[in-house]
Amino acid sequence: IQLTRSYRSTRQIVLLTRELVEGGRDIIPFNRDGRKPTLTIAGNITKLTRDISKHLQELQQAGHRTIAVICRTMKESKEAYELLRAELSVRLVEQDTDSFEPGVLVVPASLSKGVEFDAVLIYNASADQYGKENDRKLLYTACTRAMHELHLYCLQNISPFISSVSSETYELHQE
């Protein structure tokens with residue numbers, strides 16, 4: 001039995017994420033509309049952090065209760081947490097975290113599997129972070145944690161897995 005219907009995410013999120021993995025075109029989105037995912041390219045870490053902080057505040061004001069900033073590694077998660085906590089209230093999810101409470105969480109992709117969030121921001125979807133073939137499924141997993149909104153941020157070079165996705169599936173914001 002092969003399960004091909006996705007019920008977690010909006011149709012717009014599924015249309016983007018199904019292009020990230022082999023055989024993904026067979027995934028059938030649940031007919032729930034939402035906003036198109038966004039891809040924002042920032043020129044430096046200061047701009048990236050400022051943009052993400054502002055976006056997190058907007059998502060909270062819009063009523064999203066569970067928001068995740070998903071990073072590639074635990075090391076990157078700790079760095080992002082230190083930068084973001086100066087701007088707003090965030091919690092770092094580590095290996096020994098036993099519950100996911102409402103609010104803004106900074107979490108490594110490996111710990112996000114099996115969890116869903118109202119909104120997900122991928123901290124740095126660059127080729128440096130997600131450029132090797134064995135990173136493809138990790139990026140897919142991180143992106144598919146989003147139920148209603150998905151926003152990818154990138155420092156300069158976009159991951160080749162995102163570059164290969166149809167530009168019709170997301171809105172590009174370039175700094």
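The legends below describe close-up views of a predicted model.

Local features are given where pLDDT is at least 70 and side-chain atom pairs where pLDDT is 80 or more, while totals for chains, interfaces and linings use all residues. Residues are numbered from 1 along each chain as its sequence is written, and side-chain values use heavy atoms, with hydrogens and water left out.

View A. A pocket here is an open set of points on a 1 Å grid over the protein atoms alone, where a 1.4 Å probe fits, with protein on both sides within 12 Å along at least five of seven lines; lining residues have an atom within 4 Å of a point. Of the 18 lining residues, Thr40, His55, Glu58, Tyr153 and His173 lie nearest the centre of the second largest pocket. At least two lining residues come from each of β3 (38-42), α2 (45-61), β8 (146-155) and β9 (171-174); helices (H or I, at least four residues) and strands (E, at least two) are DSSP runs, numbered from the N terminus. Helix α2 gives the most, seven residues. The lining has ten charged residues (Asp, Glu, Lys, Arg), three nonpolar ones (Ala, Val, Leu, Ile, Met, Phe, Trp, Tyr, Cys, Pro) and five polar ones (the others, Gly among them).

**View B. The salt bridge between Arg35 and Glu149**. A salt bridge is a side-chain nitrogen of Lys or Arg within 4 Å of a carboxyl oxygen of Asp or Glu, and the structure holds seven. In the pair Arg35 and Glu149, the closest N and O atoms are 3.5 Å apart. Arg35 sits in the loop between β2 (28-29) and β3, and Glu149 in strand β8, so the bridge ties together parts 114 residues apart in sequence. Arg35 is exposed at 56% relative accessibility, whereas Glu149 is buried at 7%. Buried means under 20% relative accessible area, exposed over 50%, and partly exposed in between (1.4 Å probe, protein chains only).

**View C. The salt bridge between Asp51 and Lys47**. The closest N and O atoms of this pair are 3.0 Å apart. Asp51 and Lys47 are separated by about one helical turn, because they are four residues apart in helix α2. Asp51 is buried at 14% relative accessibility, and Lys47 is partly exposed at 22%.
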